[in-house]
Amino acid sequence: MQTLQVFSLLLTIAGVRCYDVIYAINSGGDSHVDRHGITYERDPLMGKIGTASDYGKNIHMIARVADADKILYQTERYHTSNFGYDIPLAGDGEYVLVLKFSEVYFNAANMKVFDVVLNGEHTVVSDLDIFQQVGRGTAHDEHIYFSVSRDRLYFKEDESEIRDNRIRVEFIKGYRDNPKINALVLLKGDLENIPQLPRQMVDPDQDFFADPDPVKPSSLDSSSRVRSGPPQPNPYFMDDSSMMLLPIFIAIGAFFPLLFCLCKL
């Protein structure tokens with residue numbers, strides 16, 4: 001098994017794919033060949049259902065994806081109701097359906113939330129909130145692994161019937177805005193070496209300008225506080241002896257000016 005994995009890796013490095021591309025479309029857009037050599041066909045739903053949008057082109061850089069492939073996350077199809085695609089299969093075997101998303105409109109979580117259903121029976125993604133997952137203008141892929149055997153689809157512990165060698169993926173309208181999809185691709189074969197997005201290095205909820213571990217002054221004891229300078233003596237403090245001598249100093253201060261005036265007479 002390990003030898004096969006090494007062999008697959010070598011083929012991948014050499015530019016030979018160890019998986020088959022069964023179906024790929026660029027939702028809401030024209031055909032595109034990505035840097036892995038996968039050809040995404042023009043959206044077959046053009047002019048049929050939903051709305052094709054390229055609003056994402058206003059975002060000039062899509063995070064986590066090569067600049068040459070950002071178009072896959074800039075164009076999209078959405079609808080005010082449920083919609084979906086019929087996807088052809090290629091016989092029995094192991095499959096992965098990669099659903100590509102990017103939030104290009106909303107600037108907050110809980111604004112667009114929807115489900116994804118496979119083959120009419122399997123909820124493969126629940127309450128998808130793209131912004132909550134990765135933020136705005138960032139690529140996000142959902143990988144749906146399933147197997148096919150004798151006209152049956154197996155997803156986790158569930159199964160369903162396959163008709164006419166096709167399955168259907170549907171995007172279900174939820175309680176927040178409209179469902180959407182940017183692109184999708186169905187792969188079969190060596191699923192351990194399929195193209196993956198790089199790991200997101202930034203937490204979309206992290207505030208870079210906030211103190212990561214703020215400490216209130218009241219939580220510090222006197223021994224751990226850093227003072228801004230040496231202790232300042234009380235300028236109003238006087239002992240009893242100084243209070244007793246004060247009248248004498250005042251009398252002497254008044255005597256010398258008086259003596260000076262008498263001498264001038």
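Over residues 1-12, how many contacts beyond four places in sequence does the model have?

1. **Confidence first.** The answer for residues 1-12 is 10, in a stretch where pLDDT stays under 50; pLDDT is the predictor's confidence in each residue, from 0 to 100, and contact means heavy atoms within 4.5 Å. Residues 206-244 also stay under 50, with five contacts beyond four places in sequence. The mean pLDDT of the protein chain is 81, and 70% of its residues reach 70 or more.

2. **Ground rules.** This is a predicted model, where local features need pLDDT of at least 70 and side-chain atom pairs count only at pLDDT 80 or more, while totals for chains, interfaces and linings use all residues. Residues are numbered from 1 along each chain as its sequence is written, and side-chain values use heavy atoms, with hydrogens and water left out.

3. **Overall make-up.** The protein chain has four helices and 15 strands, taken as DSSP runs numbered from the N terminus (helices: H or I, at least four residues; strands: E, at least two). Of its 265 residues, 35% are buried, where buried means under 20% relative accessible area, exposed over 50%, and partly exposed in between (1.4 Å probe, protein chains only). Among contacts with a separation of 6 or more, 74% are between residues 24 or more positions apart.

4. **The open sheet.** Eight strands line up as β2-β3-β1-β15-β7-β10-β11-β12, with mixed pairing; two strands pair if DSSP finds at least two bridges between them. The edges are β2 (32-33) and β12 (158-161), each with a single partner strand, so one side of each is left without a neighbour in the sheet.

5. **Pairings worth a look.** β1 (residues 19-26) runs antiparallel to β15 (residues 183-189) over seven bridges, and D20 stands opposite K188 in β15. With β3 (residues 39-42), β1 is parallel and joined by two bridges; here I25 has E41 as its bridge partner. Further along the sheet, β10 (residues 140-149) and β11 (residues 152-155) are antiparallel over three bridges, with S147 partnered by Y154.

6. **The nonpolar cores.** A nonpolar core is a set of buried Ala, Val, Leu, Ile, Met, Phe, Trp, Tyr and Cys residues joined through side-chain atoms within 4.5 Å. The largest one has 31 residues, and L97, L99, F146, V169 and F171 touch the most other members. Strand β7 (residues 93-101) gives the largest share, four residues. A second, separate core has 19 residues, including L72, Y73, A139 and L191.

7. **F146 and L89.** Beyond four places in sequence, the residues that F146 touches include L89, Y95, L97, L118 and L186. L89 sits in the loop between β6 (83-88) and β7. Is L89 buried or exposed? L89 is buried, because its relative accessible area is 7%. Leaving aside neighbours within four places, its contacts include I22, F146, V148, I162 and I167. The C-alpha atoms of L89 and V148 are 8.8 Å apart, although 59 residues separate them along the chain.

8. **A polar residue to check.** N178 lies in the loop between β13 (166-176) and β14 (180-181). N178 counts as buried because its relative accessibility is 13%. Its side chain makes a polar contact with the side chain of K173 at 3.0 Å (a pair of N or O atoms within 3.5 Å; within protein, one must be able to donate a hydrogen and the other to accept it, and residues adjacent in sequence count only if both atoms are side-chain atoms). Beyond four places in sequence, N178 also touches residues including Y78, H79, K112 and F114.
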